[in-house]
Amino acid sequence: MGPEALILQSRSVDNDVEISVATDSEETLDHREQWGDALAFHQVPTQLAERWRNQAPDTAVASTFRFGGVGYERPLLLVGPPGAGKTMTTVKLATRLVLDGIRPTVINADQNRAGAAAQLAALCRILKAEFIDTEASDQARRRRSKSGPTLIDLPGMDPFNDTDMATLSQMIEQVSGVAALVLPAGLDVQDSADMAARFHAAGATMLIPTRLDLTRRLGGVLAAAEAAPLILSHAGTSGSVTDGLEPMTPAFLTRRLLNQNSKEAIAHAA
């Protein structure tokens with residue numbers, strides 16, 4: 001249909017792939033304009049925006065990022081900069097497990113932040129989850145042979161501090177764990193990419209963005225996920241413990257990109 005044709009949608013049908021394509025009809029131009037507005041509104045990194053501009057939104061998102069849930073075969077370490085929402089994310093993950101009939105072990109390894117242990121301990125009592133306030137490495141090593149998920153809430157770390165990143169790498173290796181980077185949405189795009197790259201180099205393999213309820217522009221999240229690259233796992237969408245953590249899927253991310261960039265929303269923000 002020519003080089004200017006636009007892929008609107010693609011999907012698997014049995015063993016085939018069905019592709020919906022359109023040429024420059026008025027409707028197609030409207031869709032293209034909406035998608036272009038979204039890329040600009042969310043401050044999508046320039047190179048990524050150029051790749052996406054002539055792709056259907058769902059195709060662009062699904063082909064660029066990796067998505068996956070949290071596995072609990074190994075201890076899960078929640079890592080990130082100070083104030084990212086690691087403790088609340090730990091609680092939300094523990095709550096989801098309890099609601100599914102699974103009792104996790106929650107380890108507080110954050111000895112720096114005042115009140116962190118008390119906050120986690122109180123919530124674990126309500127959830128009837130095992131709570132341990134000690135160094136992560138020793139306790140997680142002892143539990144590797146035991147069944148049941150282990151969640152480790154680490155202290156906030158400076159991604160640009162070599163000592164902090166070396167400590168993180170050692171922790172992940174000592175417990176044979178999996179590290180999920182908890183990173184607030186709404187940060188500067190380049191800062192988000194730089195932080196994600198540093199945490200990834202130290203061993204983080206997943207990304208859990210937080211504060212999506214308080215952030216309208218997702219360029220920082222996209223930059224972080226692409227720079228590392230990191231598996232998009234869950235997203236913090238509210239302060240609710242029971243339903244404030246949603247699985248990240250291509251459909252979820254595409255919907256957020258398209259629904260929060262309307263010209264009315266931009267005008268209201270201005």
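User: How many salt bridges does a search of the whole structure find?

Analyst: This is a predicted model, in which local features need pLDDT of at least 70, side-chain atom pairs count only at pLDDT 80 or more, and totals for chains, interfaces and linings use all residues. Residues are numbered from 1 along each chain as its sequence is written, and side-chain values use heavy atoms, with hydrogens and water left out. A salt bridge here is a side-chain nitrogen of Lys or Arg within 4 Å of a carboxyl oxygen of Asp or Glu. Searching the whole structure on that basis gives 3.

User: Which residue forms a salt bridge with Glu226?

Analyst: The closest N and O atoms of the pair are 3.1 Å apart. Glu226 has a relative accessible area of 30%, and its partner is Arg51.

User: Is Asp162 buried or exposed?

Analyst: Asp162, in helix H7 (residues 162-175), pairs with Arg198 of helix H8 (residues 189-202), in a salt bridge of 2.7 Å, N to O. Buried means under 20% relative accessible area, exposed over 50%, and partly exposed in between (1.4 Å probe, protein chains only). Arg198, at 30%, counts as partly exposed. Asp162 has a relative accessible area of 57% and is therefore exposed.

User: What is the N to O distance in the salt bridge of Glu50 and Arg53?

Analyst: Glu50 is partly exposed at 49% relative accessible area, and Arg53 is partly exposed at 32%. Their side chains meet in a salt bridge with an N to O distance of 3.5 Å.

User: At what angle do the axes of H3 and H10 cross?

Analyst: Axes are lines fitted to C-alpha atoms, for helices over the stretch in contact, and angles run from 0 to 180 degrees between N-to-C directions. The axes of H3 (residues 57-64) and H10 (residues 250-259) come within 9 Å. Their crossing angle is roughly 130°.

User: Which residues of H3 make the contact with H10?

Analyst: H3 and H10 are in contact through heavy atoms within 4.5 Å. On the H10 side the residues are Pro250, Leu253, Thr254, Leu257 and Leu258. On the H3 side they are Pro57, Asp58, Val61 and Ala62.

Note on methods: Helix = DSSP H or I, 4+ residues; strand = E, 2+ residues; numbered from the N terminus.
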